[in-house]
Amino acid sequence: VTCQDSAGNLTVVTCPHFAAPKSVTDAAPGSPTHTAGLAKHQFTLALMLLNLKGAWDAALRVEQGANQVSNLSSFNSGNNGGGNAQQTQVQVQAQAASAKACWYALSYKAMELMDVALAVRVYRQELFLGSSRPVAALEMRRDLLHWDQALKLSQTLAPDQEPEISVEYARQLEFKGDCAKALRVFETALAALQDKDAKQLLLSGGEGTGVGSGGEEMQSVALAGIARCTLRLGDLRRGLRYVTECGDPALCLECARILESMQTVADSEAAQLYELGGAFDKAAAIYIKSAKTLPTATAIIHKVHTPKLLCEYALRCEREGSFEDACGAYTRARDMDSVVRLCLDELGTFEKAFEVVRSTASATGAQLVADYCKRDGNYRGAIEFLLLAKCSDDAFVLAKTHDCMDVFTKTLGDGIGSSEAAAVAAYYEVMNDLGQAGHFYSLCGQYARALKLYLQCGDKEVERAIEVVGKARNDTLTHTLIDFLMGETDGVPKEPFHVYRLYLALGNYAQAASTAVIIATTEQNSGNYKHAHTLVTDTVKQLEEHKVRVPQKLRRTFVLLHSYVLVKKLVQRGNHAGAARMLLRVAESISLFPKHKVTILTSTVITCSKAGLKASALEYAQTLMKEYRKDVDAKFKRKIEALVRKPKDHAGMGGDLEVVPLSKCPVSSELIEVTSLECPSTKDALPMCVVTGNHVVAEDFCLCPRSGFPAIFSEYVQHIEDEAKMTPQPQVAPDSSSSSSSSS
């Protein structure tokens, strides 16, 4: 590095890494030792910097220096009479070895950098043949892939390498296209390898095969080369025999490609080789070309998975009349339109064609099936498949002409468009099917016209009219429907249930709850407890789903009706105490069950007696005898009279034998009666267990997965187990509306 020092003078500084070694700097300038050492140092630097030309020049100087040392040594030994001959000889040998090492290093670096010309210059044949290691010349030719020259050298320098080099030389000739010469070299190499193995077998005394893994591999390579070259030269019989002997799938594929490229040779041999090599797609592609080899293709077609080949095979089968095979191939190729075509036109399996089109929804296949159905007079089927083919206009005309509009609408389903719905509605209106016309006017958004047609149908289409008004949310339409329900239109008031449904559709849940209570009360008065229970249960669900508070009046109605319908299930499970408490809850509001007062009170007395609630049984027995003696069933009358006449014998000193059990309030955690549904501290309504009718417990709480109502988890699990025992079929999680029958 040239730089300026502190005094301002220019100076040259040599990097220590590139400085000459001490043995060179200490030698006298101009001496042979100094010259040779300096040249070697320059060679090392040039090689490190990949300056191959500079390294070549430095190596020449090293060799010249070695020669000078040798000449000087000879001169000194002649003058001194051999005094220091031994020391001088050591120096000469060291310099010669150093020069040779430089040439070796340069040659390896040249080959590493793919500078073949320089490598050849360095590895001069004369140099290596005259050196102590002449085989290096052979190695050089092998490294440079000069196989022809390497083969000549191996004959004298390394005969054991001759077969391997011959194989490589033959492969090079084959690559260049000189197949005749390559075949001769391959045959020579194979013969040499076999002779070598025979000699090894003799030396081993006949034990083993005499063929090492390397020799066996080279023999396979030579045999494969012979097979390839023989085929390329046109001797097919001999070449195929070699391929079969070798048994290598890769060779089979390679030779098959050779045969396939030869235009003058039949393709059947290439297909056979492809088949032996496991390339069934290639083999099938050749077999399919000719009708003569089609049976051979059929034998292997199950191993072919390329859709294009399968379709080509199917086309060839069609031409030859093998429609079943063609249909199977089209199916595997997922060409379902062709499958449909064959099923309709050739095989006569139209039902299969229908199933294929329905499963794939192919427009082309659907059009084919629709045309077939029209030719066959099957207009309903034609309409269905025309719609699948996206030909809705043609399908509508066909449906209108042949009175098959139901098929048209059913096939479209929820995917019907506004224009199509309007056209269908106009058709039904002309046909005087007002209900259907109103339905399709509703689908296309013409709510006023739809409502008008529904109301013309009277009570028959009230539910649909309610749905339309719920969708429209139009005050005019709402008032029109209310007037109809109240009877102002035709003078006939409709069922209150329709008003209830209207309020739900409009999202007026407060009015819906009030109406539900009115309807439930009417049903209760008529003794239709199951209908009343279903109504209030559905209303409570609707309110809770829409996060609307359940009114107290609706909740009380639900509690009473649900307690009533729970009685039979509790008795069936053997829980007479729970059934008795539910009946006591109902009996307290017996005026709400006017149709079955006597029946409910009688059941209360009998069930309380079985549960040990003697005081409660006596209380309601006295009520029965005082107010309803004549209406009591004869089979229970004597027992109830005995209970009233001798109360102490039955009541245990006038008090119940069993105290009502207590549990924690889920709000305040106070101990309260299990049947109490009101928090004593906050006066809040407590959730009722849908299975037992008691209030829930915070530590044992769950929700019914079907109804969403709260339950006591342990009781809910027990209820499911009991249901499974009583019913052989597996039960779905019970709904509160179906947890018991309508009467006890």
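Is Tyr500 buried or exposed, and what is its relative accessible area?

Mentor: Tyr500 is buried, at a relative accessible area of 3%; buried means under 20%, exposed over 50% and partly exposed in between, computed with a 1.4 Å probe on protein chains only. The model is predicted, so local features need pLDDT of at least 70 and side-chain atom pairs count only at pLDDT 80 or more, while totals for chains, interfaces and linings use all residues. Residues are numbered from 1 along each chain as its sequence is written, and side-chain values use heavy atoms, with hydrogens and water left out.

Tyr500 takes part in an aromatic pair. The structure holds 11 such pairs. The pair of Phe497 and Tyr500 is tilted, with 5.7 Å from centre to centre and 40 degrees between the planes. The rule covers rings of Phe, Tyr and Trp (its six-membered ring) whose centres lie within 6.5 Å; planes under 30 degrees apart are stacked, over 60 edge-to-face, and the rest tilted. Phe497 and Tyr500 are three residues apart in helix 30 (residues 496-506), so about one helical turn separates them. Helices here are DSSP runs of H or I with at least four residues, strands are runs of E with at least two, and both are numbered from the N terminus.

A second tilted pair joins Phe558 and Phe709, with ring centres 5.4 Å apart and planes at 40 degrees. This pair links distant parts of the chain: Phe558 belongs to helix 33 (residues 552-572) and Phe709 to the loop between strand 5 (701-703) and strand 6 (710-712), 151 residues apart. Phe558 is buried at 9% relative accessible area, and Phe709 is buried too, at 4%. Elsewhere, Phe350, Phe354, Tyr372 and Phe385 make up one aromatic cluster.

A ring can also face a charge. Lys494 lies over the face of Phe484, 4.1 Å from the ring centre; the rule asks for NZ of Lys or CZ of Arg within 6 Å of the ring centre and within 35 degrees of the ring normal.

Next come the charged pairs. A salt bridge is a side-chain nitrogen of Lys or Arg within 4 Å of a carboxyl oxygen of Asp or Glu, and the count by this rule is 11. One of them joins Glu318 and Arg341, at 3.0 Å from N to O. It connects distant parts of the chain, Glu318 in helix 17 (residues 307-320) and Arg341 in helix 19 (residues 336-347), 23 residues apart. Glu318 is buried at 18%, whereas Arg341 is partly exposed at 28%.

Arg645 and Glu641 are four residues apart in helix 37, so about one helical turn lies between them. Glu641 is buried at 16%, Arg629 is partly exposed at 38%, and Arg645 is exposed at 65%.

Arg573, Glu715 and Asp722 are linked in a salt-bridge network. Glu715 is also among the residues touched by Thr692, as are Leu566, Leu570, Met582 and Ile712, leaving out residues up to four places away in sequence; contact means heavy atoms within 4.5 Å. Thr692 is placed in the loop between strand 4 (671-673) and strand 5 and is buried at 6%. A polar atom of its side chain lies 3.2 Å from the backbone nitrogen of Asn694.

That leaves the nonpolar cores, which are sets of buried Ala, Val, Leu, Ile, Met, Phe, Trp, Tyr and Cys residues joined through side-chain atoms within 4.5 Å. The largest has 180 residues, and Val369, Ile383, Phe408, Leu481 and Leu624 have the most contacts inside it. Helix 11 (residues 213-232) gives the most to this core, eight residues. Leu481 touches Leu451, Leu455, Ala465, Ile466, Val469 and Leu502, again leaving out residues up to four places away in sequence. A second, separate core of 13 residues includes Ala55, Trp56, Val62 and Leu106.

Conventions: Polar contact = N/O pair within 3.5 Å; in protein donor to acceptor, adjacent residues only side chain to side chain.
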